[in-house]
Amino acid sequence: MLSALVVLILGAMLILAVAGGRRFPLVNKVVATVLLPIEDGINAVLHGGDNVREFWRALTALRAKNKELTKENQKLKQEYINMITLQKENDSLRKLLNYKQEHRDQKVIAAKIIAKNFGDLRDTVYINVGTAQNVDADMAVVTENGLIGIIDETYEEYSRVLLVTSPNCRIGAKVATVGYDSSGIIHGIHETEDFLVMEHIPRKANVKEGDLVVTNGYSSKHPENIYIGQIVSVQMDAAGLLQEADLHVMEDVVGLENVLVIVDFNPKLKITNKGGRAR
C-alpha cells in the first residue's frame, strides 16, 4: 500500500514538473535528482555500441599504421646496412688503389675473397681469380697494410691462398732497418692467428723490439720490402746459435674482403751460376 502511494506521489511530481515548468522548482530539483541518473544510464547503454565500434575502428587503423611504420623502419634499416657496406667496400677499394699507385713497379690484379676456412685448415682463403687471370702458385697476396699470404693452389677462375699466419706458410724475410744481414724465415703459430715467428736470424744481427719485418725478395714470385709484421720480442733459439723473433702481423685477415695479387714486378731476383745474388 505504501509502495503504491510512493509511486503515485512520484508520478504526480513528474506530471507537475512537466506541466508546471518553473512554478515548482523544488519539484523539478527532486525529479532531476531521481530521473537524470536513470536517463544518463539509458543513454550510455544506447550509445555504448557506437563507442565500441569507434574504438575497434581506431584500433584497427592504429594496427595498420603500426604495420606500415614497421615495414618502413625495416626498409630504412636495410638501406642503412647497404650504405655502410658500400662505404666499407669503397674504402677498401680506395686503399688498394692507393697501394697500386704507390707501387708502380708491381703489376697487381684485384681479387675478392669468396670463402674462408678457419677450421683445421683455418689458414686458407679462396679468391675469385685464377689461371685465367695469369695467377700462379707462390705469388704474393697483399693489402694496403702488407702481406696476407701466398697463392697455394690455382684453378681457372679462383685460387686458394695460404695465409701468412699458417704454420705451413714459410716466407723469406728481413728486418727493414737491418737489411739482408738479418734475413730469416717466418711462419705462423698453431696457437694463435695474430703472431708469427721469424727463425734463423743471424746471431750478430741487430734486431730489436719494434722493428718492422718485410719480405727479403729471395723468391722470384714476390718482391722484397712487402710489410709482414712488427717484432714484439727477440730471443736466442734453443741451440743458442741463432736468434728468433716473435712478430705481430700487420693485417688482420678475418674481416678482409678485397685483396691484390702481385702477378709481376720489376726488378726480379736473378740467381747467378755461382750461387750469388744479382739484381
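**Aromatic pairs and cores**

Q: How many aromatic pairs does the structure hold?
A: This is a predicted model, and it holds three aromatic pairs.

Q: What do you need to describe a pair like that?
A: A pair of aromatic rings is described by the distance of the centres and the angle of the planes.

Q: OK, what about the rings of Tyr126 and Tyr158, how far apart are their centres?
A: The centres are 6.2 Å apart and the planes of Tyr126 and Tyr158 stand at 55 degrees, so this pair is tilted.

Q: Where in the chain do those two sit?
A: Tyr126 is in strand S2 (residues 124-127), while Tyr158 is in the loop between S4 and strand S5 (159-163). They are 32 residues apart, so the pair links distant parts of the chain.

Q: And Tyr155 with Tyr158, at what angle are the planes?
A: At 20 degrees, with the ring centres 4.6 Å apart, so Tyr155 and Tyr158 are stacked. Ring pairs join Tyr126, Tyr155 and Tyr158 into a cluster.

Q: Why does Tyr126 count as partly exposed?
A: Its relative accessibility is 23%, and the partly exposed class lies between under 20% for buried and over 50% for exposed. Tyr155, at 32%, is partly exposed, and so is Tyr158, at 35%.

Q: What lies over the face of Tyr180?
A: Lys174 does, at 4.1 Å from the ring centre.

Q: Switching topic. How many residues has the largest nonpolar core?
A: It has 29 residues. Those with the most contacts inside it are Val142, Leu147, Ile186, Met198, Val213, Leu247 and Ile262.

Q: Which elements give two or more residues to this core?
A: Helix H2 (25-102) is one of them. The others are strands S3 (140-143), S4 (146-154), S6 (171-175), S8 (192-201), S10 (227-236), S11 (243-249) and S12 (258-265).

Q: Now the whole chain: how many helices and strands?
A: Two helices and 14 strands. The chain has 279 residues, and 32% of them count as buried.

Q: And how much accessible surface?
A: About 17700 Å², with 58% of that belonging to carbon and sulfur atoms.

Note on methods
Residues numbered from 1 in each chain as written. Predicted model: local features only at pLDDT ≥ 70, side-chain atom pairs only at ≥ 80, totals over all residues. Heavy atoms only, no water. Core = buried A, V, L, I, M, F, W, Y, C linked by side-chain atoms within 4.5 Å. Buried < 20%, exposed > 50% of the residue type's maximum accessible area, 1.4 Å probe, protein only. Helix = DSSP H or I, 4+ residues; strand = E, 2+ residues; numbered from the N terminus. Phe/Tyr/Trp six-rings, centres within 6.5 Å; stacked < 30°, edge-to-face > 60°. Lys NZ or Arg CZ within 6 Å of the ring centre and 35° of its normal. Areas by Shrake-Rupley, 256 points an atom, 1.4 Å probe, with all protein chains shown as cover.
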